[in-house]
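Please look at the sequence and the model below before reading on. The report that follows moves from the whole chain to its parts and then to single residues.

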Amino acid sequence: MNKDDIFQLFGRHVSSGKVQFFREAGLDFIFGRREGVRIYDIDGSRELYDCHCNGGVFNLGHRHPELVEALRQALERYDIGNHHFVSEQRARLAAQLTGLAPGDLQYAIFASGGGEAIDTAIKIARGATGRRQIISAKGGYHGHTGYALAAGDAKFRDPFLAASPDFTQVPFNDPEAIEAALSAETAAVIMETIPATIGMLQPDEGYFRAVRELCTRNGTLLIIDEVQSGLGRTGTLWAIEQFDCEPDIMVTAKGLSGGLYPIAATLISAELEKLFHRDPFVHISTFGGAELGCVVASKVLEISASADFLAQVQQLSVFFSSGLEKIRLAASPHLQEIRQRGLMTGLKFAHPDLGPAMARACFEAGLLCVFSGNDTSVLQFLPPLIISEEEAAEILQRLGNAIALAQDMLS
Ligand SMILES: Cc1ncc(COP(=O)(O)O)c(C=O)c1O
């Protein structure tokens with residue numbers, strides 16, 4: 001099929017609005033070949049470095065050979081399995097995941113995507129505390145499903161009448177706002193460690209320690225959403241490890257799939273698992289913890305948790321940090337701030353139109369990047385964690401070119 005035909009078919013049967021949007025934005029890219037850190041247009045006309053990585057799905061690049069091989073071998077023997085029954089693959093992955101998790105998280109409840117895993121976290125918090133209220137960060141994002149949607153931004157909730165008086169939002173980095181919002185009815189506070197959709201905000205020193213203390217004092221559970229920030233993205237396996245804070249519940253998704261087989265998990269303590277003693281079938285998910293996905297996720301963890309891999313991410317982080325600072329100085333005052341932890345980075349521009357202009361300019365310069373949906377002055381910059389320093393240098397050069405191009409576009 002040629003590109004035009006695909007656009008038309010997609011517009012007729014998947015989303016007319018998206019086709020219109022991408023055509024008008026001049027982003028007529030259709031994913032074709034994809035390999036490691038690069039993606040190619042279906043007609044071969046364009047090659048991009050993937051610096052979006054679907055928010056972390058492609059932390060290990062596209063079609064990582066070890067992951068492809070693990071899936072290939074699993075396909076010789078398994079399918080998704082039966083979600084009601086005991087499973088060796090689920091048991092092994094849960095032990096591996098919880099062994100690598102902070103604090104005393106001992107059980108993993110599997111889902112097929114991040115939103116579902118967040119819903120599970122909120123269900124458990126409500127079930128365990130007998131309370132209804134959930135506090136989350138304004139402008140944060142936890143998914144498009146039920147409770148995840150209710151905990152997120154009004155922009156996504158309101159068209160579907162999904163707002164709920166039981167869900168309260170407070171500004172990020174403001175412990176006093178959490179303290180004021182907490183009540184005897186608060187089941188959980190849910191936070192992304194680094195909120196991506198509101199512009200890669202960096203937690204202030206002591207913020208998560210304060211949130212932890214407030215929750216403990218109030219008998220409220222702390223849910224940490226590591227869907228984007230987890231699995232090595234920030235230089236440690238979990239970003240929350242860097243903030244002296246142990247969550248009661250932690251959610252991982254996106255990168256856990258290796259981009260090959262959807263899987264997500266909600267990690268809880270043995271104490272919280274007691275909630276299921278009376279009826280262990282009270283929460284189920286047909287595709288959650290599919291055995292094929294478990295095999296891929298296990299390999300993802302083996303790679304991502306290794307000391308060598310994390311040291312390499314930290315080294316790349318230093319490399320990017322100095323390169324990005326040079327770019328910031330050259331692009332001042334348009335580029336105001338680099339928000340970076342490991343390879344989780346937001347470029348904060350002075351003008352709210354610069355995020356979208358930069359996404360477009362990056363495309364022209366050979367990079368796939370998107371802007372933060374809830375703060376369009378921020379360009380999200382998420383290179384794969386497996387890039388070499390030579391590739392990183394080329395990416396920085398393309399980014400510098402894109403900034404010049406975006407400024408031209410706006411002027
Ligand atoms: C921080 C965060 N939490 C949860 C989700 C929801 O994950 P999914 O799209 O797999 O449902 C996302 C998705 O972008 C996310 O960025």
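## The chain as a whole

How much accessible surface does the protein chain have, and what share of it belongs to carbon and sulfur atoms? The accessible surface comes to about 17,800 Å², and 52% of this area belongs to carbon and sulfur atoms. These values, like those that follow, were computed from a predicted model.

The protein chain contains 14 helices and 15 strands, and its C-alpha atoms fill a box of roughly 60 × 55 × 45 Å along the principal axes. A compact globule of 411 residues would have a radius of gyration near 22 Å, and the protein chain, with 21 Å, agrees with that expectation. Buried residues make up 54% of the 411 residues. Among the contacts with a separation of 6 or more, 72% are accounted for by residues 24 or more positions apart in the protein chain.

The protein chain is divided into domain 1, which covers 3–63 + 307–410, and domain 2, which covers 65–304. Taken over C-alpha atoms, the centres of domain 1 and domain 2 are separated by 26 Å.

Where the two domains meet, 31 residues of domain 1 are in contact with 37 residues of domain 2. Together they bury about 2,700 Å² between them, with 55% of that area on carbon and sulfur atoms. On the side of domain 1, R341, M344 and N374 supply 30% of the area buried against domain 2, which is more than any other three residues supply.

In soluble globular proteins, nonpolar side chains tend to be buried together. In this model the largest nonpolar core has 43 residues, and those with the most contacts inside it are F320, M358, L379, F381 and L399. The elements that each supply at least two residues of this core include α3 (65–75), α12 (307–331), β15 (375–381) and α14 (389–410), and α12 gives the most, with eight residues. Because domain 1 and domain 2 both give residues to this core, it lies between them.

## Residues to look at one by one

Is T252 buried or exposed? T252, whose place is in strand β9 (residues 249–252), has a relative accessible area of 0% and is therefore buried. Leaving aside neighbours within four places in sequence, T252 is in contact with L97, L231, W238, A264 and A265.

Some backbone details also deserve a look. A cis peptide bond, with omega of about 5°, joins S332 and P333, and P333 is found in the loop between α12 and β11 (335–341). R63 is not a glycine, although it has a positive phi of about 50°; R63 has its place in the loop between β3 (47–50) and α3, where it is partly exposed, with a relative accessible area of 39%. L161, likewise a residue other than glycine, has a positive phi near 55°. L161 is found in the loop between α7 (154–157) and β6 (167–170), and with a relative accessible area of 78% L161 is exposed.

Note on methods:
Residues numbered from 1 in each chain as written. Predicted model: local features only at pLDDT ≥ 70, side-chain atom pairs only at ≥ 80, totals over all residues. Heavy atoms only, no water. Core = buried A, V, L, I, M, F, W, Y, C linked by side-chain atoms within 4.5 Å. Buried < 20%, exposed > 50% of the residue type's maximum accessible area, 1.4 Å probe, protein only. Helix = DSSP H or I, 4+ residues; strand = E, 2+ residues; numbered from the N terminus. Domains from an automatic or database assignment. Rg over C-alpha atoms; globule rule 2.2 N^0.38 Å. Contact = heavy atoms within 4.5 Å. Areas by Shrake-Rupley, 256 points an atom, 1.4 Å probe, with all protein chains shown as cover. Buried area = accessible area lost by both parts, 1.4 Å probe.
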